[in-house]
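Good morning, and thank you for coming. Please look at the model on the screen while I take you through some of its features.

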Amino acid sequence: MTVVVEGQTEVEQWRRAVGGDAQAFGDLFDLHAKAIYNFCFRRTANWAEAEDAMSEVFVVAWKRRAQVAFTSDGERVLPWLLGVAMNVLRNRQRARRRATAALARLNPRHMEADFTDDVDGRLSDEREMREVLGVFERLAPQEQDVLALCAWGGLGYEDASVALGVPIGTVRSRLSRARSHLRELVDDSGHERRDEPVYRGA
Amino acid sequence: MSLFIEEHEVSDVLDMVRSPAERDLPPGRLTKRKRMLMAEITAPQAVAGLDPLRARLRRIAGWFACLVAVVLVGLGASRAEIRPFDADHVAQALTVAGAGALIAVHAGAARGDGLQLDRKRPSASARPAR
């Protein structure tokens with residue numbers, strides 16, 4: 001599916017961005033910000049951190065815009081952006097240990113959440129997501145990546161291969177392993193799969 | 001959730017990684033983030049992009065200075081007439097220390113070339129709203 005922004009396809013918009021057109025990149029930001037934001041939340045279980053990560057993803061994407069990889073079918077850029085997001089999140093995770101120590105020295109009053117609406121809903125999301133990640137993060141990192149892209153990023157095999165920079169066959173095998181490992185983990189944890197969210201509630 | 005998951009009928013995966021519904025950014029945040037992004041990418045150094053030649057030259061200069069410093073230290077150490085408190089040698093040691101400091105600055109600057117865009121601004125959430 002070819003996405004059209006401001007009368008131009010994503011590819012045309014991106015080519016303008018590569019040529020230095022910041023406005024074209026801004027239009028692409030408008031188009032994909034929500035998807036990246038929600039994807040980052042699913043890997044961090046923290047809306048505020050997801051917002052910071054989303055911004056970083058687009059800054060990194062701007063710096064690497066000449067290296068973009070479009071999907072072959074609809075020439076979409078979202079899979080590549082999700083791949084950038086995964087790298088950004090991985091780097092942030094590595095840095096988090098150091099940052100945690102630094103943040104601990106800050107005055108707690110400066111660490112309050114900076115949104116005031118629907119706080120309950122967002123806090124509930126974070127609690128629920130942390131429980132999902134508690135099991136999810138026990139998978140191998142490569143399995144986490146492919147499962148996150150397919151289940152949360154909504155990508156197919158080919159798009160995931162673009163995002164990860166690996167062959168489609170590798171995506172298929174990793175996803176298959178991820179499914180079986182995840183099933184084992186869920187069974188071991190004693191949860192039952194049912195209509196209600198599996199990990200809801202403590 | 002994922003169209004892919006639905007198409008491939010892997011509902012067990014859907015259940016196992018069920019996550020909260022998607023949300024928009026809090027009101028006003030998308031605009032603010034876009035404004036920050038536009039400011040970031042339209043800054044002169046971002047528009048120009050990294051200057052790979054300049055960064056490479058700086059890195060080469062850093063390594064060359066390192067090599068010179070090593071040679072100087074080696075030559076100095078090999079001289080039999082070295083005296084610990086000889087003023088000339090103190091000056092020589094200071095020169096070597098200065099060269100070392102220069103190397104550190106060069107190396108730091110070369111490494112920082114690729115990171116300065118990220119580091120020059122504090123975290124957005126730490127800044128007051130405009």
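Which residues in H7(A) are buried? They are Asp159(A), Ala160(A), Ser161(A), Val162(A), Ala163(A) and Leu164(A). A residue is called buried if 20 or more other C-beta atoms lie within 10 Å of its own, exposed if 12 or fewer do, and partly exposed in between, with C-beta atoms placed from the backbone. Helices (H or I, at least four residues) and strands (E, at least two) are DSSP runs, numbered from the N terminus. H7 of chain A covers residues 157–164, and six of its eight residues are buried, so this helix is largely enclosed by the rest of the structure. After H7(A) comes Gly165(A), with a positive phi near 70°.

Residues are numbered from 1 along each chain as its sequence is written, and chains are lettered from A and ligands numbered from 1 in the order in which they are written.

Let me turn to confidence. The pLDDT is the predictor's confidence in each residue, from 0 to 100. Chain A has a mean pLDDT of 80, with 80% of its residues at 70 or more. Residues 192–202 of chain A, however, have a pLDDT below 50, and beyond near neighbours in sequence this stretch makes 18 contacts in the model. Two residues are in contact if their C-beta atoms, placed from the backbone, lie within 7 Å. Where pLDDT is low, the predicted coordinates should not be read in detail.

Next, the two chains. Chain A contains eight helices and two strands, in the order β-β-α-α-α-α-α-α-α-α along the sequence. Of its 202 residues, 39% are buried. Chain B has seven helices and zero strands, and 8% of its 130 residues count as buried.

How do the chains meet at helix H2 of chain A? H2 (residues 22–44) of chain A packs with helix H3 (residues 29–41) of chain B at an angle of about 150°, their axes being 10 Å apart. Here axes are lines fitted to C-alpha atoms, for helices over the stretch in contact, and angles run from 0 to 180 degrees between N-to-C directions. On the H2(A) side, the residues in contact include Phe25(A), Gly26(A) and Phe29(A); on the H3(B) side, they include Leu37(B), Met38(B) and Ile41(B).

Thr44(A) lies in helix H2 of chain A and is buried, with 22 other C-beta atoms within 10 Å. Leaving aside neighbours within four places in sequence, Thr44(A) contacts Glu49(A), Ala50(A), Ala53(A) and Leu89(A).

Ala45(A) sits in the loop between H2 and helix H3 (47–63) of chain A. Its phi is near 60°, a positive value in a residue other than glycine. Ala45(A) is also buried, with 22 other C-beta atoms within 10 Å.

How values were computed. Predicted model: local features only at pLDDT ≥ 70, side-chain atom pairs only at ≥ 80, totals over all residues.
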